[in-house]
Amino acid sequence: MRATIREVAERAGVAPCTVSRVLNGHDADHMRPETKERILASIRELDYRPVKAAQRLRRQRTHALGILGPDITNLYFALVIRGIESVASERGFTSLICDSSHDPRREARYLDMLLAEDAEGVLLVPTGRVNVSAVERLTARDVRVMLVDRRIEGFPVVEADNRGASRALGEHILGLGYRRVAYISGPAEVSTAEDRLGGFRDAFDAAGVRFVAVERGAFTFESGFDAARKILRKEKVDAVVAANDLMAFGVLRAAEEEGLAVPGDIGVAGFDHVPHVPYATFLRPELTTVDVPVDEMGREAARRLLAGADDPLKLATRLVPGGTCIARRRTE
């Protein structure tokens, strides 16, 4: 059976797009000599032979980039896309913007469509259950792929330091005196959600404190509301922390409906700090959260894709102490 570009990449310990760059002579100034030699050795050992028709096709420049996100109505992702598109436009590229609506089947169809449209590169915020073979069909045809915000094994990504930031948020919550804390995470298959849950757990494990409860949400207002109402009706908590701001706003609504004052009766925190969300701007007291440089994340991903970089990058975040969490008097 003929070796695939994925097999060459696995043997060399690199991403498939890195192998494509070597095959097409795009490795100058952006790759260590030892990495290139490792790839060439893997090509020889596996007797890999690229499909010539695909290589000829990829030499036809279209100056089009595909941008595929899970929900363009979510301002977090809209700002990521805006950052990508601004760099693409500056460099003379047309952007083909697609919305997977959190549906992996729709995501795979759009990836195949972008391949058919001869996109020169694709910037992908994956659903979390992405069809890896659909991504590999792009890299096998020398289409550069850069992931944004969420990881898939074997592909380059630009993301925030979600785990480190969530640990800092957890330490802040503990430092204020909260001990009976519930956490609302995102979907288990999304790397961002798992990193944020893991970082928060790191802080609590280090302090020897256990969560009262962990519920799963979908990074939406409605899922945050439903999860918070379930927690508040079953557990006695002094704080609820959500893995993003939209779910935190759902927590605030649930607390109000349960007759709980924020921050007097209960503390609430989120993660994202998207300043362009109207109800975030006018919320009083302001939400305790973590600022993620979403626009810069998109810009940096586009720059790196166009430069041919394929190493992962984590962007720094910033804790935003707000009035929804305050210092508490210890009662236990």
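## Threonine 139 and its surroundings

Leaving aside neighbours within four places in sequence, threonine 139 is in contact with Ile5, Pro16, Cys17, Ser20, Val145 and Phe155, where contact means heavy atoms within 4.5 Å. Threonine 139 belongs to helix α7 (residues 132-140); helices (H or I, at least four residues) and strands (E, at least two) are DSSP runs, numbered from the N terminus. With a relative accessibility of 0%, threonine 139 counts as buried. Buried means under 20% relative accessible area, exposed over 50%, and partly exposed in between (1.4 Å probe, protein chains only).

This is a predicted model, in which local features need pLDDT of at least 70 and side-chain atom pairs count only at pLDDT 80 or more, while totals for chains, interfaces and linings use all residues. Residues are numbered from 1 along each chain as its sequence is written, and side-chain values use heavy atoms, with hydrogens and water left out.

## The chain as a whole

The protein chain contains 13 helices and twelve strands. Its radius of gyration is 22 Å, close to the 20 Å that the globule rule gives for 332 residues, so the chain is as compact as a globular protein of that length. The radius is taken over C-alpha atoms, and the globule rule is 2.2 Å times the number of residues to the power 0.38. Along the principal axes, the C-alpha atoms fill a box of roughly 70 × 35 × 35 Å.

Of the 332 residues, 55% count as buried. Among contacts between residues at least 6 apart in sequence, 72% join residues at least 24 apart.

## Nonpolar cores

In soluble globular proteins, nonpolar side chains tend to be buried together. A nonpolar core is here a set of buried Ala, Val, Leu, Ile, Met, Phe, Trp, Tyr and Cys residues joined through side-chain atoms within 4.5 Å. The largest such core in this chain has 72 residues, and those with the most contacts inside it are Leu123, Ile173, Ile184 and Phe200. Helix α5 (residues 75-90) supplies the largest share of this core, eight residues. Apart from it lies another core, of 19 residues, including Leu68 and Val135.

## Arginine 150 and phenylalanine 219

Arginine 150 is found in the loop between β4 (144-148) and β5 (157-160), and it is buried, with a relative accessible area of 4%. Its contacts beyond four places in sequence include Pro70, Phe77, Thr127, Val190 and Phe219. The C-alpha atoms of arginine 150 and threonine 127 are separated by 8.5 Å, although these residues are 23 apart along the chain.

Phenylalanine 219 lies in the loop between β7 (213-216) and α10 (221-234) and counts as buried at 9% relative accessibility. Its phi is near 65 degrees, a positive value in a residue other than glycine.

## Other backbone features

Aspartate 272, in the loop between β9 and α12 (278-281), also has a positive phi, near 140 degrees. A cis peptide bond, with omega about 10 degrees, joins valine 262 and proline 263.
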